[in-house]
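Reader: I would like to learn how to read a ligand site and a few backbone features. Could we take them one at a time?

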Amino acid sequence: MELVSGTSPWEATLPNPPEYDPLAGDEHCDCLIIGGGMGGAMAAYAMASRGADVTLIEKRKIGGGSSHANTGLLQIANDKSLTSCINTFGEERGVLFYRLCQKALQGILKLAGKLDIDPQIIERSSLLYASVPEDADMLRQEYRTLQRHGFTCEFWESDRIKALYGFAKPAAIYSPGDAETNPYRMVHGLIHKAHSLGARVYEHTRSRHFEYNSDGVVCYTEDGRIFAKNVIFAMGYETQEMKRDRGAELINTYAIMTKPLPALPKWHERSLIWETARPYLYFRTTPDGRIIAGGKDETLTSPERRDIRVPTQAKKLLQEVEALFPEVRGTEIEYAWGAVFGTTHDGLPYMGTHPDYPHCYFIEGYGGNGTVYSMIASELIADTLEGGIRPELELFSLTRSAKPAPAGTS
Ligand SMILES: Cc1cc2nc3c(=O)[nH]c(=O)nc-3n(C[C@H](O)[C@H](O)[C@H](O)COP(=O)(O)OP(=O)(O)OC[C@H]3O[C@@H](n4cnc5c(N)ncnc54)[C@H](O)[C@@H]3O)c2cc1C
């Protein structure tokens, strides 16, 4: 699958990334991780930090999949609001999901000082604004739900938003504790650290097929075999080519990064900005004074068609930036890209085991919070592989069907 069109900005920020030889020959490990994107990187780091015997293979280069299209927003709040999660999954499970995201974000913030390649993690607040006046009541309700369950946030009326940003929106929720990162540097930082802790890493090494035995799995690559007690599949959206998840949907999405601005517009605390409309637009700044904007999602097309769409969609994204911040008119786009993006019908990612794949775990962080989901998955799976019991995995089951909420929970 061709995952990315156009040029994403991140590779230029790490001109000489660590490189790893392809696998040639046979080897044994306790845990084989397939995929060197955000999911595989988080898993490799979690496992290697616990002293596990880990091998990771990546068929492209490390970070060469969707993770270098990632725009680096790290948020507790999700594509699906807490109120909506409670309505769909019930109060206990809906709140559990948000708490897991909060804990994962705190874990990501702690990574900043532990990696030798700086992932440029900066704590930020988020502004979620009402796209249309009718959404203001829904936001007020969401604010009350978040407050009731202990998630810190403020509800802002239009005058407060106007005073702090300059643009007019009917209402917003402002919440602390989120962050931005450079996803490519994060993936390399995590894998580099896992490697220095003993994990074996192979680039340009594709898993071809598998043999599932009673005591583990044999993974065949072009030039070798890996005998693993357990496998973690972290193949991103390409997992859908191996095993289709009925509730997963792939689409195209687009993003731009501007050239550095002489001065950023009025942008309160350089917050992450997004909106209630679906699909939504989102905006962030970078440490060197640029603006990133993303959205303009479309149905999945061929990669060739997506290549052609990048300039058009990029122009529309720049117009959205100018509509919010008229003072940046004349700013030029430096990078524009489009990519495959995965969502799920019920709004939760997939992680955990699958009955058809013994000794195997999957990390499928589908949705706009893929980095946070990768963190949740890697911790829950690493705990399980160490012999712990993590019932939270049931929430993200690969074979789930959304359970209706018990009466009275909405
Ligand atoms: C435009 C865009 C913006 C995004 N913005 C954000 C954001 O702001 N915040 C956020 O949290 N998330 C965001 N996401 C989602 C995020 O990119 C993903 O959730 C995450 O980075 C994907 O990581 P991954 O490891 O699952 O997949 P990938 O990065 O695709 O990694 C999977 C890897 O597996 C490898 N692989 C596949 N098959 C094999 C095989 N058979 N053998 C060996 N290797 C194999 C691939 O080459 C690939 O490198 C965004 C996505 C897009 C497209």
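Author: We start with residue classes. Ala, Val, Leu, Ile, Met, Phe, Trp, Tyr, Cys and Pro count as nonpolar, Asp, Glu, Lys and Arg as charged, and the others, Gly among them, as polar. Keep in mind that this is a predicted model.

Reader: How do the residues of the shell around the ligand divide into nonpolar, polar and charged?

Author: The shell holds 12 nonpolar, 19 polar and five charged residues.

Reader: Which residues come nearest to the ligand?

Author: A residue is near a molecule if one of its heavy atoms lies within 4 Å of it. Of the 36 residues around the ligand here, E58, R60, S67, L73 and T371 come nearest.

Reader: How much of the ligand does the protein bury?

Author: The ligand taken alone exposes 990 Å², and 96% of that is buried by the protein.

Reader: Which elements give two or more residues to the shell around the ligand?

Author: They are α1 (38–49), β16 (333–344) and α9 (370–385). Strand β16 gives the most, with three residues.

Reader: Which residues other than glycine have a positive phi?

Author: Q120 is one of them, with phi near 50 degrees. Its place is the loop between α3 (91–111) and β5 (122–129). K296 is also not a glycine and has a positive phi of about 55 degrees, but K296 is in strand β15 (residues 291–299).

Reader: Why does Q120 count as partly exposed?

Author: Buried means under 20% relative accessible area and exposed over 50%, with partly exposed in between. Q120 counts as partly exposed because its relative accessibility is 29%. K296 has 23% relative accessibility, so K296 counts as partly exposed too.

Key:
Residues are numbered from 1 along each chain as its sequence is written. This is a predicted model: local features need pLDDT of at least 70, side-chain atom pairs count only at pLDDT 80 or more; totals for chains, interfaces and linings use all residues. Side-chain values use heavy atoms; hydrogens and water are left out. Accessible areas come from the Shrake-Rupley method with a 1.4 Å probe; for residues, only the protein chains shown count as cover. Helices (H or I, at least four residues) and strands (E, at least two) are DSSP runs, numbered from the N terminus. Buried means under 20% relative accessible area, exposed over 50%, partly exposed in between (1.4 Å probe, protein chains only).
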